[in-house]
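Student: I would like to go through this model with you. Can we take it question by question?

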Protein chains: 2
Amino acid sequence: MRRVTVLGDGGWGTCLAILLGACGNRVTLWGAFEDYIEELRSKRENVKFLPGIRLPDDLELTADLSQALEEADVVLVAIPSLYLREVLNRCRSAEWKKSLVVSVVKGIEPDSLMRMSEVIQTLVEPKQMAVLSGPSIAYEVARGIPTAVVVASFQPQVAEEVQRLLTTERFRVYTSCDVVGVELGGALKNVIAIACGVADGLGFGANTKAALVARGLVEMARLGVAMGADLKTFYGLSGLGDLVTTCFSPHSRNRSVGEKLGRGMTLHQIQCGMEQVAEGVTTTRSAVALARRYGVEMPIAEAVHRVLYVGWSAEKVVADLMLRTPKSEWV
Amino acid sequence: MRRVTVLGDGGWGTCLAILLGACGNRVTLWGAFEDYIEELRSKRENVKFLPGIRLPDDLELTADLSQALEEADVVLVAIPSLYLREVLNRCRSAEWKKSLVVSVVKGIEPDSLMRMSEVIQTLVEPKQMAVLSGPSIAYEVARGIPTAVVVASFQPQVAEEVQRLLTTERFRVYTSCDVVGVELGGALKNVIAIACGVADGLGFGANTKAALVARGLVEMARLGVAMGADLKTFYGLSGLGDLVTTCFSPHSRNRSVGEKLGRGMTLHQIQCGMEQVAEGVTTTRSAVALARRYGVEMPIAEAVHRVLYVGWSAEKVVADLMLRTPKSEWV
């Protein structure tokens with residue numbers, strides 16, 4: 001039996017805590033806000049982020065970070081990218097050094113342009129590190145809908161350990177050693193999901209979205225390969241798989257942001273009405289900055305950037321994308 | 001101005017005939033049934049297969065195959081795979097030899113296991129040959145929804161000629177020289193679409209479908225590469241792009257067949273209620289036969305085959321897929 005701590009009481013963190021418990025681990029779920037943790041404790045339900053799912057009685061809940069980390073063999077990090085550095089800075093205890101840390105955080109840090117596992121590695125230097133990503137809407141995993149994800153580590157045996165920790169009849173875990181690719185896939189897909197949302201908001205159909213998914217994946221892979229990732233990772237669960245789910249799910253926050261942009265709302269208007277963070281809004285800036293740094297073309301990310309930050313209209317951006325000089329599929 | 005003949009008055013053939021006309025070509029649309037062609041002629045609408053779209057006045061309509069082929073510079077073949085050989089056998093005129101033939105037929109001939117362009121090539125020996133595929137629901141293209149497709153030919157200038165023939169502001173055509181990959185992508189995706197439909201019929205969600213899409217693409221590419229296709233084609237418009245559209249479209253016939261299987265209907269019951277052919281039903285048999293011939297693993301195609309032809313229940317097949325030994329993503 002492993003002692004596992006999950007950091008982050010959002011939908012995905014809560015779902016993974018339940019799953020880890022069902023796999024026979026002793027699990028603690030940490031959340032930043034004492035009063036919300038108290039609510040989880042009394043209701044045995046995460047009403048805001050994973051409604052309708054009962055939290056098992058033996059799931060420990062705490063808002064005390066040091067306590068959460070104490071004695072954990074495995075720490076699963078499920079904190080929104082925006083708050084990751086802040087939380088880790090609060091507790092750079094020596095405890096981390098003997099832990100296996102699994103990051104499920106999706107994003108690229110603005111300015112530093114670091115991947116989330118790089119941020120974790122730099123701040124807390126865990127003994128072992130893995131990243132987990134893939135098409136996994138928490139709402140569905142928690143209901144036992146068949147799901148497949150990928151876990152990557154530079155050390156194959158670490159990926160295999162995480163695989164053993166989490167695999168169930170309904171949750172299939174594949175392994176990979178391409179940390180960069182798995183992490184970038186999970187982050188960059190949110191940018192393309194915003195583009196797909198824009199297409200939805202403009203009233204376009206499945207053809208447009210499929211074209212955005214296919215061409216979006218080409219530019220995600222182009223950047224990834226320039227950054228040292230393996231091309232085929234982008235065509236696996238953490239790239240294509242996650243991208244497809246996000247682009248077609250009515251529940252995706254990133255797709256929804258795009259849809260509202262497509263209907264003519266501004267970023268400011270959209271953000272005022274949102275409870276949870278849409279990672280893609282920040283990742284778009286990071287993606288465009290990385291594309292420039294590595295000298296690769298990312299026309300769809302650039303287009304989303306223009307709509308989000310430069311004030312271009314959604315119509316103009318789509319017309320622009322469609323009217324680029326016709327070319328060969330792979331150049 | 002080119003003289004173009006489209007063979008096949010289904011939704012896609014009709015849509016392409018309209019598009020070719022809008023691009024300034026002189027277009028003839030051929031259909032097999034004189035009485036249905038007469039209906040198109042009088043109503044100026046293809047009520048059965050492309051309702052709500054007006055046929056332009058200068059679109060010529062005929063059920064006379066020799067007349068349709070006479071003087072055509074370009075012949076676009078949009079006949080269901082099941083009837084392709086029969087129609088071509090009816091008219092192996094010398095006319096073909098001076099034509100550029102573009103196939104949009106999706107399938108793999110049972111028994112011969114030939115691709116559709118191979119069937120065409122063998123029977124009518126056209127001067128030049130190209131294949132066109134990609135995420136292009138006729139209903140949407142006809143309404144001007146932005147769409148991107150790919151056209152492949154062994155001769156680059158032929159692909160470019162077709163690109164010029166069809167490109168509009170709303171219909172973007174990419175070129176490729178991977179005929180085998182583009183054609184296999186368009187055919188094999190229908191098998192995976194049936195699998196996605198099964199998942200829908202069982203009440204599963206986006207996670208399951210994304211996993212089927214990602215893993216389905218891996219096995220499509222595995223067979224394709226064994227047959228001489230270029231891996232990356234499967235991750236472009238004609239593979240991934242078309243697959244995504246088909247798997248998530250409520251209008252896809254192949255996905256619908258799967259959905260009914262997932263709800264417990266048999267193939268026989270389903271086929272009794274269908275007007276148009278669902279290509280994937282036949283392609284599944286061809287795909288499994290090809291997988292055996294080339295010695296590659298295609299677990300999803302095998303699973304669909306068991307549900308369609310061996311009488312396994314959908315639940316059993318899904319349980320089987322999910323419980324395979326956990327493994328690395330790319331082996």
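Predicted model: local features only at pLDDT ≥ 70, side-chain atom pairs only at ≥ 80, totals over all residues.

Tutor: Chain B superposes on chain A by a rotation of 180 degrees with 0.0 Å of shift along its axis, at RMSD 0.0 Å. Residues are numbered from 1 along each chain as its sequence is written, chains are lettered from A in the order written, and side-chain values use heavy atoms, without hydrogens or water.

Student: Which axis has the relation seen here?

Tutor: The rotation is 180 degrees, with 0.0 Å of shift. Of the contact residues of chain B, 100% recur in chain A, so the same surface serves both copies, contact meaning heavy atoms within 4.5 Å. The relation is that of a two-fold axis.

Student: Which strands stand at the edges of the sheet in chain A?

Tutor: Eight strands form an open sheet in chain A, in the order S5-S2-S1-S6-S7-S8-S9-S10, with mixed pairing. Two strands pair if DSSP finds at least two bridges between them. Strands are DSSP runs of E with at least two residues, helices are runs of H or I with at least four, and both are numbered from the N terminus. Each edge strand has a single partner, so one side is left without a neighbour in the sheet: these are S5 (60–62) and S10 (171–176) of chain A.

Student: At about what angle does helix H1 of chain A run to S2(A)?

Tutor: Angles run from 0 to 180 degrees between N-to-C directions; axes are lines fitted to C-alpha atoms, for helices over the stretch in contact. H1 (residues 11–22) lies across S1, S2, S6, S8 and S10 of chain A. The angle of H1 to S2(A) is about 170 degrees.

Student: In chain B, which residue stands opposite Thr5(B)?

Tutor: Strands S1 (residues 3–7) and S2 (residues 26–30) of chain B run parallel, with five bridges between them. In S2(B), the residue opposite Thr5(B) is Thr28(B).

Student: How is H8(B) oriented to H9(B)?

Tutor: H8(B) and H9(B) (residues 206–226) pack at about 150 degrees, with axes 10 Å apart. Under 35 degrees counts as roughly parallel, over 145 as roughly antiparallel, 65 to 115 as roughly perpendicular, and the rest as oblique. H8(B) is therefore roughly antiparallel to H9(B).

Student: What is the orientation of H9(A) and H10(B) to each other?

Tutor: H9 (residues 206–226) of chain A and H10 (residues 237–248) of chain B have axes 8 Å apart. Their packing angle is about 140 degrees. H9(A) and H10(B) are therefore oblique.

Student: Which residues of H10(B) make that contact?

Tutor: H9(A) contributes residues including Ala210(A), Val213(A) and Leu217(A). From H10(B) come Leu237(B), Leu240(B), Gly241(B), Val244(B) and Thr245(B).

Notes:
Least-squares fit on C-alpha atoms with pLDDT ≥ 70 in both.
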